[in-house]
Amino acid sequence: MHSATRKPGFNSCWPAWGALALVWLSVPALCQQDPAQKTVPPGNAQGKGEKPAAPTPQKPPEKPPSETPKEPEKLQLETPQAPPGEAPKPQVPGAQAPATPRPAEESRQAIIEDIIFRGNRRVPASTLRARIFSHKGDAYDESALERDFMALWNTAFLDDIRLEVTDGETGKIVTFFSIQSQYDPVVIKRAEVVMQDLLSAHGRQFATVRARTRNIPPNSVALTFIVVEGPKVKVGRIRFNGNKVLSSGALIRAMKLSRPVGVPPWFNWFHKTYDRDKVLYDLEKVRELYQEHGYFFALAKEPAVKMTDVKRRWPFFFFSWGRGKRVDLTIPVEEGDQYHLGRFVIRGNKLFKQDILAAVLQMKSGDVFNRTKVTKAVENYRKLYGQFGYINFAANPDIEPDNKKRVINLALDFEEDKQFFVHRIEFSGNTKTRDKVVRRELLVDEGSVFNTTWWDFSVLRMNQLGFFDPLKKEDYDIKQDTKEGKVDITVKLKEKGRSSIGFSGGISGLAGNFVGINYATNNFLGLGETLSVQMEVGTFQKLYSFGFTEPYLFDRPISSGFTIFKSDYRFDQLRQAAYLGGFGQSGLNALQQTPFGQFFAQNFQQNSSGFTTFLSYPLRRSFARIGLTYSFSVSSVQTFSPASQSFFNSLAFRQFQGPNQLNCIVSSQIMPTYVLEGKYFHPINHGRNVLGFHGLASTISGFGGKVPPPFSRIYMGGEYDIRGFDIYTISPIGFFPTIGQVCNRDNTGNQIWAVNAQGQQQPGVCGSYTRYPYNTIQFPGGDTELLTNFEYRVPIAGPVTLSYFVDTGTTFIWRPSQLKLQPETFKPINDLFPYFPTPDHLKPIGLTNFRPRSSTGIELQVILPVVNMPLRIFYGYNWLRLNDRILPPQAVPPLSLFPNQATYNDALKVFAPFRLPDRKTRLGFTVARTF
């Protein structure tokens, strides 16, 4: 017979009070283990063929075995003296007694005769039986029983468990005993105190906890904890007395855990809960602030506490009604004298000279003594020596204040210790990812000096792979051999799933409403390759792509890959303006009737397919990469407005001649990909808020006498760059020659309308008109862009963030030669109107080229948990915008071209000055990132 008992690290009678819920304890009065009995875990139980353990001394039974009753009334947890399997059996006359089998044969033939649960009053036996893996009739295996024992223990259903194995008639009988906790009033009282302290730490200083017991026959007790939380106590006003050097506002901002979050004192809903331990911690932060300004002996004393009832009677936006309590704190401060740095020496340094080390302190003799700089200097010294393998380096500051001279003499005692080299680097847990995939991310090599800074970067690079759970300090073991001066590094990896399926959706100014699905495997064949498939369908855009990336080509840090894509994009300025402005179909119809909708708005559909391949190489000792990208695409364009038709047919970007110049537009380009883009995030206000900065510069160019197609040029505006403007509405503007017509008027000044078959006039339809040349405006986009985004992000709660932003940028035509026009485009104009000048390339209007735009405003951002994308609601005010009057080129046609002066006056309207206004403000929302 074998037995095992598992007990927690604390008293087994201790109740599970952490959930502050109703707790029941069934306490048997007589089921107690004999203190003299020692129990053994299942894994240490004596197995067959093993050396038997030394017998444990036990108290001899008071009665001989012969007097022990066959069926005891009470459950004894001691080792039974006469198991049922050893009871004598009646002898059959004439039968020969079987030979006693050897232990090895018995172990091979033993099976589980029955599994019994005893003492489980609250949990049914069927529930416990479902949690184990062994069943009746299975082969007897002690390792399997150990697994069952741990499975039951991990359920936390039972306070304590004991396992006994006895011999049955046909096999082994396995019995699991649930040992109940013994009722102890002292333990219950201690639980009341602990729960009350826990509630007090969460702002419930007036909470009460009491225990109530009820007897359950025959020998158990039901225990109920009755908790009355009481009002929640929050931090109210904080006042400082005695502070002259630093303002009270600066001292309050130094407090992290106790200062009110809501700035107005009457916003008590935002204030933090009161906890005395947290207040004492914040007082130490106040003292550190004074020490940063040289007041080394400043002291923030014990605060005076005043409890006040809070009555919030008027409901407000933040649900400020109800009753509560607040604590007003008055903190006396003793500032003392300001101290300066006196003599500074470094002792025990052998690797570096003192003049080199002194610059790390960032203080000179006579400067105000800053305790924080001393702490940072010690940490920088540790990093400096760690770069040269001195991983056990220590710098102990010795501070000697001179109260008469009000200076502090500082001495740093260095203990450089021994230099360490890397001996072995091993990995564990990477069952799918090969060692070389992880090892090539390391910046330290076996046999080299152990550089702690490079090792930290190596951990960062391994985390950036995305193949494993984030590595922490406890996930890698650096074992030192002080005798040889070597370290062995063992990295414990935990692999993630290689494949993922994602769903996305939202609203965007570029794609409209969109939904998408993607599949990706980020560690294909365990070599770090990435394979991805994506499909996205939106109101204005459809995108299908397949991509593959090889991060280490030929086992060198050369990143290469390709993407095959197919996209359908509908660019409709009028529809997007109506969509983003919230207009319906009637609003869209009204926009289409305006001169802008008829002659100026771009409206085309582009269908493209092709591939992109790239090759990049990292720069030495840098995270930047340099490389080349080659892309090939075949596009077809269908135009739906006169502006798009004339513009596409005029630009010299086509590479063949045919009946339809807008079909099969072949684009083949090679461009450098040294990224001129930067992102910087800087935590401020003790890491609570973040300053974010993003900068971008790019340009595009054609070669071989060709120019980039219109859909490849650069447009700005929208949630991706400058948020206060509509999507793709920022572009230089140029004048483009075209032929217009005007309805003729009779001699009395009335327009001549068309007449139908019944002889009735049709108002709005010209019956007679005159054609003439003029210049219309065109939005060609820029060939170069400059963009900066600035954000100040303040976390509100959880995934909610409030940001103040300033977006500034411009897209301009740097090289007008990239807007070269086809000469044959203007042949009809030159033939009919030889006096009208036609350009060889599109010239931008000076007021619109190199014109910066800027928007400022606020943005509320919520990270959606399913798609892991931010839902952003933003409001932008465009303080730098275009709002100028433009004078078209004055190539006025002669009066002789028109039948009379009235018709001529109508034609002169297109040569009059007009205003180009950008929108002033914009309220929008999207599911996408700016940077």
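How many bridges join strand β3 to β4, and do they run parallel or antiparallel? I looked this up: 7 bridges join β3 (residues 161-167) to β4, and the two run antiparallel. Strands here are DSSP runs of E of at least two residues, numbered from the N terminus, and two strands pair if DSSP finds at least two bridges between them.

Notes on the source. The model is predicted, with local features needing pLDDT of at least 70 and side-chain atom pairs counting only at pLDDT 80 or more, while totals for chains, interfaces and linings use all residues. Residues are numbered from 1 along each chain as its sequence is written, and side-chain values use heavy atoms, with hydrogens and water left out.

Entry on β4. I find isoleucine 161 opposite serine 178 in β4, and a hairpin of 4 residues joins β3 to β4. On β2 (residues 112-118) I count 6 bridges to β4, running parallel; isoleucine 116 stands opposite threonine 175 there.

I then checked burial (under 20% relative accessible area, 1.4 Å probe, protein chains only). In β4 (residues 172-178), 7 of 7 residues are buried. In a regular strand the side chains alternate between the two faces of the sheet. For β4, I list Lys172, Val174, Phe176 and Ser178 on one side and Ile173, Thr175 and Phe177 on the other, all buried.

Entry on the open sheet. I read its 7 strands in the order β25-β26-β31-β32-β33-β34-β37, with antiparallel pairing. β25 (677-684) and β37 (921-927) are at the edges with a single partner strand each, so one side of each lacks a neighbour in the sheet. Within it, 10 bridges join β32 (residues 800-812) to β33 (residues 853-863), where phenylalanine 805 has glycine 857 of β33 as its bridge partner.

Note on methods: Buried < 20%, exposed > 50% of the residue type's maximum accessible area, 1.4 Å probe, protein only.
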